[in-house]
Amino acid sequence: MNCQPYCKRLVYKCSLINQSCLLCDEPAEQAYPLCVACEQELPWLGDHCLRCALPLPIAGLTCAQCQRRAPAFEQVLALWHFGFPVDTLISRFKHNRQWPLGRLMAELLAHGLLHRFTEGLPRPDLLLPVPLAKRRLRERGFNQAGMLGRWLSSHVGVRCDERLLLRTRETPAQQQLDAKARRRNLRQAFTVTGKLTGKHVAIVDDVLTTGATAQAVAQVLRKAGARRVDVYCLARTAKPGYV
């Protein structure tokens, strides 16, 4: 009798039961390493723009910026607004190589996407992580968007391609730039190595701040023939002063 598969299931279930919360180190008692108390305290994205997911005080609206000029992407799907402790978790994932935190957030995003798919959200044909500049990739040693894309792919069953979308030139870091400077910084910064005619693709990134990167990438994807472009990210930054 071959009992190995059964033993593997027991070991897997035991590991789920005994895992600790990555935030407070208490028993998680869930299928992922996050306890219920910490999960409830995360800054879940509430009412937001139907297009770019900008936090808004009222549900069901499109923000003024998207009304003035519709973005090249169709919709942004984000779980949280960029506040504590998610901002710290993303920073630790990106800059301190605490990859279990990134995997946890990707898994939670995947659960959210799967739920939205059952509600009628169109499932994309392809996941495309935002590429890093070569110099920054050498310095950091990994592309956080690529890691998120691979983890999402394994959960939602959509192929992730890290070679189709490329960054064509080095650009200064976006963090210290305002919205106009970010747009100028990203002109002709991306290219697509193949055709996307009729494809529905989803851009994958960690945080959407002004939307300049998502817009620049979506424009390139549209020119390559993409029928629809969505954006999947962990968190969306609110406007200054928003509570």
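Colleague: In which loop is P85 found?

Modeller: P85 is found in the loop between β1 and α4. Before we go on, this is a predicted model, with local features given only at pLDDT of at least 70 and side-chain atom pairs only at pLDDT 80 or more, while totals for chains, interfaces and linings use all residues. Residues are numbered from 1 along each chain as its sequence is written, and side-chain values use heavy atoms, leaving out hydrogens and water.

Let's follow the helix side. α4 covers residues 86-95 and packs with α5, residues 99-118, at an angle of about 125°, with the axes 7 Å apart (axes are lines fitted to C-alpha atoms, for helices over the stretch in contact, and angles run from 0 to 180 degrees between N-to-C directions). The two helices are therefore oblique to each other (under 35 degrees is roughly parallel, over 145 roughly antiparallel, 65 to 115 roughly perpendicular, and the rest oblique). In the pairing, L89, I90, R92 and F93 of α4 meet W99, L101, G102 and M105 of α5, where contact means heavy atoms within 4.5 Å. Sorted by class, that contact has six nonpolar residues, one polar and one charged (Ala, Val, Leu, Ile, Met, Phe, Trp, Tyr, Cys and Pro count as nonpolar, Asp, Glu, Lys and Arg as charged, and the others, Gly among them, as polar).

Now the strand side. β1 belongs to an open sheet of four strands, ordered β1-β6-β5-β2 with parallel pairing (strands pair if DSSP finds at least two bridges between them). The edges are β1 (75-81) and β2 (126-129), each of which pairs on one side only. From one strand to the next, the twist averages 20°.

The partner of β1 is β6, residues 228-236, and six bridges join the two in the parallel sense. Within that pairing, W80 stands opposite A235, and H81 has R236 as its bridge partner. β6 is mostly covered, with nine of its nine residues buried (buried means under 20% relative accessible area, exposed over 50% and partly exposed in between, using a 1.4 Å probe and protein chains only).

To place all this in the whole chain: there are nine helices and six strands, and 49% of the 243 residues count as buried. Among contacts between residues at least 6 apart in sequence, 70% join residues at least 24 apart.
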